[in-house]
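Please find below a short note on the model under review.

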Amino acid sequence: TVVCKCEIPTLNIVENASYEVDSTYAQYFDDETQSIVKQQLSSLDEPIPPNSERYVTLYSPVYHKDGAPVVVTPEEVSLASVRSELNSAAWLAVPGFFWVFVASSF
């Protein structure tokens, strides 16, 4: 599960909404065969071949009512993992917990 930080209304991508990653692949043009080659990747972190572009298919049952995932590049939607979003939120909560503790001790 990932969070998109940029909105693309034509693809029903909503800012700060979570999406399931259906697949990840690298795509490049092969000059020898004059065709586009898609290479499946096992994760978003897997390195891609030179001169290729990474694509992900994202799906949300809330925003994609037709059941079809959309294809985007990670840079296009500024992908962030749910884990990184939770870590950021946790660091913001630490000062709040401190003040709750201080207020409850009086």
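What is the mean pLDDT of the protein chain, and what share of its residues reach 70 or more?

1. Confidence. The mean pLDDT (the predictor's confidence in each residue, from 0 to 100) is 80 for the protein chain, with 86% of its residues at 70 or more. Strands here are DSSP runs of E with at least two residues, and helices are runs of H or I with at least four, numbered from the N terminus.

2. Basis of the values. This is a predicted model, in which local features need pLDDT of at least 70 and side-chain atom pairs count only at pLDDT 80 or more, while totals for chains, interfaces and linings use all residues. Residues are numbered from 1 along each chain as its sequence is written, and side-chain values use heavy atoms, with hydrogens and water left out.

3. The aromatic pair. The structure holds 1 aromatic pair. Tyr25 and Tyr55 form this pair, with 5.7 Å centre to centre and 25 degrees between the planes, and the arrangement is stacked. For reference, rings of Phe, Tyr and Trp (its six-membered ring) pair if their centres lie within 6.5 Å; planes under 30 degrees apart count as stacked, over 60 as edge-to-face and the rest as tilted.

4. Tyr25 counts as buried because its relative accessibility is 7%, whereas Tyr55, at 22%, counts as partly exposed. The cut-offs are under 20% relative accessible area for buried and over 50% for exposed, with partly exposed in between (1.4 Å probe, protein chains only).

5. Ser60. This residue is placed in the loop between β4 (53–59) and β5 (70–72). With a relative accessibility of 4%, Ser60 counts as buried. Leaving aside residues up to four places away in sequence, Ser60 touches Ser18 and Tyr19, where contact means heavy atoms within 4.5 Å.

6. Most residues other than glycine have a negative phi. Asn12, however, has a positive phi near 60 degrees, and Asn16 has a positive phi of about 65 degrees. Asn12 is in the loop between β1 (2–4) and β2, and Asn16 is likewise placed in the loop between β1 and β2. Asn12 is partly exposed, with a relative accessible area of 40%; Asn16 is also partly exposed, at 48%.
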